[in-house]
Amino acid sequence: MATSAETTTAFQYPPHYSFPPFFTLQPVATTRSSQLQSWSTFIQSYCRHHRIFSLSLIDALSTPLFHNTTLSRQLALRDAKAILTWMASPEGGHRAEFISSGSKKKADESEGGRVWIYWRRPEEWAQQLEDWVDRTGQKGVVLTLYEIVEGEASAREEFAGMDMELLRMSLGVCVKRGKAQIFSSGGEGEGVKFF
Amino acid sequence: MDRRRTPGLSSLSSTRLQTHHYTNHGAKLRTNTAASLETQLSVFQSLVHNFALTHSKDIRANPAFRAEFARMCTALNIDFLASSYHRDGKPGAASKSSGSSSSSKSGESIWASLLGGSVNDFYFNLGVTIVDVCRATRAENGGLISLTDLRGHIARGRAIGSGMDVSDADIEQAVRALRPLGGAYGITTIGHRKLVRSVPKELNTDQATVLEACQVLGYVTVSMLCVNLDWGRPRAVAVVEDLLAESLVWVDCAAGEKEYWSPAFIGGAV
């Protein structure tokens, strides 16, 4: 998922990142809300830069995202969860969503679980896909999902290398809008047609 | 001339005539000088006019240039910011500027008519931007923002292309221009640092002392305050708790003792 291979330019950390108290969730409500907002912006831009579509909380804690080694400050699991929960809330603009995996929620609770980071929401992805298809004149053409994500035609698009699951969700939005149809020919080769 | 020594009564009348001539001549000289001064003034004014028009872009864009321009105007006793409040600040000015008929419109300053309001508006715009930034960052810094920070925010701008290059003096001027709107905005000095205050509150001496102490390392701890200021522990705790409640400091629990950081150090030198 985390295809951070092609990080050509270094990520520009926000000024808050070098501010030690940023890694302690503030007790005062107003400060806290501003802090959550800053975290949300930071996480989104970080994930966008590294093309990360979902985070595993427990693994992410030791990555530079939540761990500033120069300051030796690290976000606690509890606080990270609070931030992501806030991002998933309407207040945070639904910029995250906890993935409820096959096993029951209890398992997730213990280890933090996985989270979608919506630096683009599925609806926004859907719009991008529609625009792309429209622009490249591929309406009515059957495209495979693999082709959309890995194909040469989309190499310069923002959704290149996108998470398959997220792509499916986004295409689901297109289908709901009546802009596309998904063919599942069984197994791997799924196709989609835009109209 | 030869009448000067005229004897008898006629000498009286000749003296009167003489004074009369002198007065006449004096008056004529005065009017001449006044007229020439007026011409000079109008020429100068049109020059300033032209200058301001040709360089209005520079005046807006270049802080050093703007400062020099402002200094020139101050030397000439023209306060272009104030002249928007008192339009009689420079008598005869409005009637002079030839081209723009809008100059005689009531309630408009000479600079507004000269520059299309760009210099005035510059400070008012800046004022609005300052209010914007202060409101946006209030939750983060409790309504106290250092001039340096503020300048950074303004330079970055909120929308693309809206960034402005301003100097500290510009900001102070703009904050002063906000004064008629009420007492909320002002400039306070804590330690060696100037801050724009956007909440109508006064810091008490203890709070000011703690904030000043924050500037040394970026943070304070309760025991630091106790040792260095000779305060009792309850007093130190009370002050930092107060500051914390007002978002003027952030707490960092990751270190051994709780550290209270000044938000002015966000992105600042640690």
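With a relative accessibility of 11%, Ser34(A) counts as buried, where buried means under 20% relative accessible area, exposed over 50% and partly exposed in between (1.4 Å probe, protein chains only). This comes from a predicted model, in which local features need pLDDT of at least 70 and side-chain atom pairs count only at pLDDT 80 or more, while totals for chains, interfaces and linings use all residues. Residues are numbered from 1 along each chain as its sequence is written, chains are lettered from A and ligands numbered from 1 in the order in which they are written, and side-chain values use heavy atoms, with hydrogens and water left out.

Ser34(A) sits in helix 1 (residues 29-50) of chain A; helices (H or I, at least four residues) and strands (E, at least two) are DSSP runs, numbered from the N terminus. Leaving aside residues up to four places away in sequence, Ser34(A) touches Ala139(B), Glu140(B) and Trp250(B), a contact being heavy atoms within 4.5 Å.

Chain A as a whole holds seven helices and eight strands, and 46% of its 195 residues count as buried. Among the contacts in chain A with a separation of 6 or more, 57% are between residues 24 or more positions apart.

What about strand 8 (residues 190-194) of chain A? Four of its five residues are buried, so strand 8 is largely enclosed by the rest of the structure. Strand 8 of chain A runs antiparallel to strand 7 (residues 180-184) of chain A, with five bridges joining them; two strands pair if DSSP finds at least two bridges between them. Here Ile182(A) has Val192(A) as its bridge partner. Strand 6 (residues 142-144) of chain A is also antiparallel to strand 8 of chain A, through three bridges, and Thr144(A) stands opposite Gly191(A).

Over in chain B, helix 7 (residues 147-156) and helix 8 (residues 168-177) have axes that come within 10 Å and cross at roughly 95°. Axes are lines fitted to C-alpha atoms, for helices over the stretch in contact, with angles from 0 to 180 degrees between N-to-C directions. Helix 7 and helix 8 of chain B are therefore roughly perpendicular to each other (65 to 115 degrees; under 35 is roughly parallel, over 145 roughly antiparallel, the rest oblique).

As for confidence, chain B averages a pLDDT of 74, pLDDT being the predictor's confidence in each residue, from 0 to 100. Over residues 81-109 of chain B, pLDDT stays under 50.
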